[in-house]
Amino acid sequence: MASTSARAPRGTGRRRSPTAPPRSFVWTRRIFLTALTGFVLLPVYVMLSSSLKPLEDVSGSFHWLPTELTIRPYIDIWSTVPLARYFTNSLIVAGSATVCSVVIAVFAAYAVSRYRFRGKRVFTVTVLSTQMFPGILFLLPLFLIFVNIGNSTGIALYGSRGGLILTYLTFSLPFSIWMLIGYFESVPRELDEAAHVDGCGPLGALFRVVVPAAVPGIVAVAVYAFMTAWGEVLFASVMTNDTTRTLSVGLQGYATQNDVYWNQVMAASLVVSVPVVAGFLLLQRYLVAGLTAGAVK
């Protein structure tokens with residue numbers, strides 16, 4: 001009996017579940033994800049290592065490991081070009097375009113998702129069809145419109161922050177409206193009816209019931225509008241001047257006729273990416289939920 005009780009039980013090893021994927025698939029997925037991670041992080045490493053090198057080391061042949069580390073490029077980027085002014089312009093333009101896109105899109109999407117009116121289908125199709133045209137198609141018409149408005153009314157839209165904000169609204173607002181329409185339609189109408197029973201009007205139901213329930217979709221729209229305005233180059237290079245220039249265009253100032261300050265370019269690129277990366281990481285769960293709901297609808 002003692003020998004029987006001391007015998008190790010059989011089948012104590014961990015058994016694979018019948019629904020588990022094959023081991024070949026698991027290892028293939030691991031290898032693929034590892035290679036993909038390396039492919040994504042490699043440019044970041046090159047930027048980081050180049051931003052910590054002296055200019056003579058960056059101008060020559062590339063070395064994976066820096067021979068000399070220095071933080072001087074991160075100090076010189078603010079004096080080589082007026083990076084602080086470009087940073088301020090980008091924050092004002094991108095922030096204003098984001099706020100305007102979200103506010104207008106909330107009202108427009110709520111009206112389309114909750115009410116029936118003549119031309120509703122035409123409006124939604126028109127909003128969606130604007131995404132089929134490339135941005136360069138609107139560059140010359142907007143330029144001529146802004147110049148003519150300035151000549152006839154004295155309102156300086158060309159070369160101003162306000163004109164650039166209006167320009168960004170032309171292609172961020174239609175997508176924001178279309179996306180919020182799908183998300184508002186996923187919010188049950190019974191919530192609106194309950195708000196009306198409690199004495200709320202249409203605006204009260206919107207701000208007290210629908211908007212709190214649609215926070216992920218609104219955050220996704222805000223992130224999209226901000227990222228679009230923050231990194232846009234085409235319109236910013238034409239619609240701005242030396243005073244209103246944004247970061248995406250101002251980074252070209254590190255390239256002169258005689259030399260290109262590659263270490264400062266890399267340092268400035270990392271610095272200007274911090275707001276977008278930080279905001280994306282903080283709002284990632286809202287962004288994924290909002291994009292998923294909008295896509296389903």
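The model is predicted, so local features need pLDDT of at least 70 and side-chain atom pairs count only at pLDDT 80 or more, while totals for chains, interfaces and linings use all residues. Residues are numbered from 1 along each chain as its sequence is written, and side-chain values use heavy atoms, leaving out hydrogens and water.

Let's start with the overall picture. The protein chain has 15 helices and zero strands; these are DSSP runs, with helices (H or I) of at least four residues and strands (E) of at least two, numbered from the N terminus. Of its 297 residues, 34% are buried (buried is under 20% relative accessible area, exposed over 50%, partly exposed in between, with a 1.4 Å probe and protein chains only).

Now to the rings. The model holds 11 aromatic pairs, where rings of Phe, Tyr and Trp (its six-membered ring) pair if their centres lie within 6.5 Å; planes under 30 degrees apart count as stacked, over 60 as edge-to-face and the rest as tilted. Tyr 45 and Trp 64 are stacked because their ring centres are 6.4 Å apart and their planes at 15°. Tyr 45 lies in helix H2 and Trp 64 in the loop between helix H3 (55-59) and helix H4 (72-80), so the pair ties together parts 19 residues apart in sequence. Tyr 45 is partly exposed at 32% relative accessibility, as is Trp 64 at 48%.

Phe 143 and Tyr 158 are edge-to-face, because their centres lie 5.2 Å apart with planes at 90°. Phe 143 sits in helix H7 (residues 139-153) and Tyr 158 in the loop between H7 and helix H8 (161-186). Finally, Phe 87, Phe 226 and Trp 230 form one aromatic cluster.
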